[in-house]
Amino acid sequence: MTKRQRSDTVSHPVKRPRTATSSQTPSPTFNPNKIATAEAGEAANENPPLPILLKAVEDGVHEPVKGECVVYWMRMADLRVSDNRALSLASAQARKDDIPLIVIFIFSPQDYLAHDRSARRIDFTLRNLRVLHRSLGELDIPLHTVTVNVRRKLPLQVIDLLTSLGCTNIFANIEYEVDELRRDIKVCALAKEKGIKFSVSHDKCIIEPGVLFTNNNTAFAVYGAYHRKWKPLLNGNLQKYLGNNGKPHRNNNSVRQSARFGPLFACTIPTFIEGFELQGADKELMEVVWPAGEPAAAEILRRFIKTRGTPEQLGAYNPIAPHVMDSLHMSRMKTYSYFRDRVGSNSTSRLSPYLSAGVISIRECIRATMRATNAKAVDATRETGLGRWNQELAWRDFYTNVIASWPRVSMGRPWLEKYSEVVWEDAEVVGEDGQMRDSKELQAWKDGMTGYPIVDAGMRCLKQMGWLHNRVRMITAMFLTKHLMIDWRFGERHYMKMLIDGDLASNNGGWQWCASTGVDPCPYFRIFNPWTQSVKADDAGDFIRHFVPELRSLTGKEIHHPSIESADALGYPRPIVDHAEARKRALRRLKNIGEA
């Protein structure tokens, strides 16, 4: 075995962002550091950028001179026209001033590299922008896109663009990752110098970060306690937190004849971003399985509320295909509490890509369920399917609150800093050509060839669909971190490069939970047994048979734990690690941090 690495020294992955589905190639002059030092992480925690941004906005321009237009800066997490807070406020300002509303979107390939954005997520963004280009055009609102190739220059280029448009009012929804918050702080400072008012809105969450605190006036690090305050605050302020912001007002169509703004309507959305091209069959499959646009998202939500899941829909399928029978009594929403952890059928909403990209607002998700059940309050109990689903939405709020309150988790640091000293197995080795490459264990995990069927089915599902059921995300993540003892950051990074719904807060929160390094983590001594987890999640073995076809002939318990003889006969790999020995190793290293 080659020399083991401590987690603080993990740096090689930043040099190799290529994935099976992406042609991502890092710029020879742009190699971002994705793991900050403990000191840098602590400094960010002591001075979190969210309150700094909000203070900068408060101290910025309040009453700018009337400009020639109002600009709404659309970001990757708010790709919709309806119920979009910043867009609604921008539209109201434009109407008040009787000037046009302009929408801009900035492509920043270096940011995509720095944040391990998948080619699938970028393609999904482009497809949704094309839909938005049409829907905004129907309101005589231009969608203008700009590519900024050097991300440190982005703030200045935004201000230059605003100046060229004669804009003195710009609106945007807040992105809570540390880099994006620091970017907006710079934009705010530059805007103030130019007499431009920069307004930001909370839009991603139901209850935004910085609202709920413990009795000690600290941010919540335990979900249960957070949720106990989240639910009553929401139900006591339904209009504030669930109010519908509607659609923007139509521009006067004379804007199309404007010498300054008319040419903006000719802007076209690129078919790809260089370095993030999605190829052939993968691109075609993503378009079928994850159709773009607000109408598609609304229909997927409607079907979750009103239709049942079937085993035929457990894999890649068109979620808005016709010939689906409504069954409110046995719908996925109604049965979610019982079936949410069962992966043998389409038992979940599959709305995560649409929520991550903001194609549908999280507020509309709750409003729609309330309309369907004639509810006057938000059900967030454990006893009902709807209540459990709403709890999952609350988890999204919780994890977003975590990255805003403890920004170091956006910087590659464990929330529990003591676990930075855990001794991990080598995830990378030097190949015969002298280049660093994945260890055979990491590669087997990525390829779905570990010899543990539920793990392999999950990894193959991720590779095919760009999405994975949450229960299997947990199983595969814990297998990597505790069976293979590979640093969670390698898994977090791989998921982001594969997922169409990649969201830093949720992905990081999930990985740190499984690795026992994060907020409200599973105890270090909790180590999933893949075989028993397989029986619980996929009792009939349908999920495994679908994604691991070489095991289709197996029945009963053997589908979950094939014998060596069966595995050899069917061409399936033997287990790459012994469960009992792996468990002992994980317990030893996580209990005695720093020991091998």
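Predicted model: local features only at pLDDT ≥ 70, side-chain atom pairs only at ≥ 80, totals over all residues.
Okay, everyone, let's start in the middle. The largest nonpolar core here has 173 residues. Which residues have the most contacts inside it? Those are I206, W445 and F543. As for helices, α15, residues 385-405, gives the most to this core, with nine residues. As a general point, nonpolar side chains in soluble globular proteins tend to be buried together.

Leaving out neighbours within four places in sequence, its contacts include L314, V343, I454 and C461.

Now, helices. Take α2, residues 49-58. Which of its residues are buried? You get P49, L50, L53 and V57. Looking down the axis of α2, those buried residues fall within an arc of 105°, so they line one face of the helix. And what do they pack against? The partners are α7 (178-193), β6 (197-201) and our friend α15.

Compare that with α5, residues 119-137. Here 14 of the 19 residues are buried, so to speak a mostly covered helix. I also checked its length: at 1.5 Å a residue, the 19 residues should span 27 Å, and the end C-alpha atoms are 27 Å apart, which agrees.

On to the strands, and β2 is the one I'd like you to click on. It covers residues 69-74, and six of the six are buried, so the strand is largely enclosed by the rest of the structure. C69, V71 and W73 point one way, while V70, Y72 and M74 point the other way, and all are buried.

What does β2 pair with? One partner is β5, residues 167-173, which runs parallel to β2 and is joined to it by five bridges. Within that pairing, Y72 has F171 as its bridge partner. Another is β3, residues 101-107, again parallel and again over five bridges. There, V71 stands opposite I102.

If you walk off the end of β3, you reach S108, in the loop between β3 and α4 (109-114). Is S108 buried or exposed? Buried: its relative accessibility is 4%. Setting aside residues up to four places away in sequence, S108 touches V148, R151 and L154.

Next, H144, which sits in strand β4, residues 143-147. With a relative accessible area of 16%, H144 counts as buried, because the cut-off is under 20%. Leaving out residues up to four places away, H144 touches V103, I104 and F105, along with L161, L264 and C267.

That last contact brings me to the cysteines. You'll remember C69 from strand β2, where it points the same way as V71 and W73.

Note on methods: Residues numbered from 1 in each chain as written. Heavy atoms only, no water. Core = buried A, V, L, I, M, F, W, Y, C linked by side-chain atoms within 4.5 Å. Buried < 20%, exposed > 50% of the residue type's maximum accessible area, 1.4 Å probe, protein only. Helix = DSSP H or I, 4+ residues; strand = E, 2+ residues; numbered from the N terminus. Contact = heavy atoms within 4.5 Å. Expected span 1.5 Å × (residues − 1). Arc of directions from axis to C-beta. Pairing = 2+ DSSP bridges.
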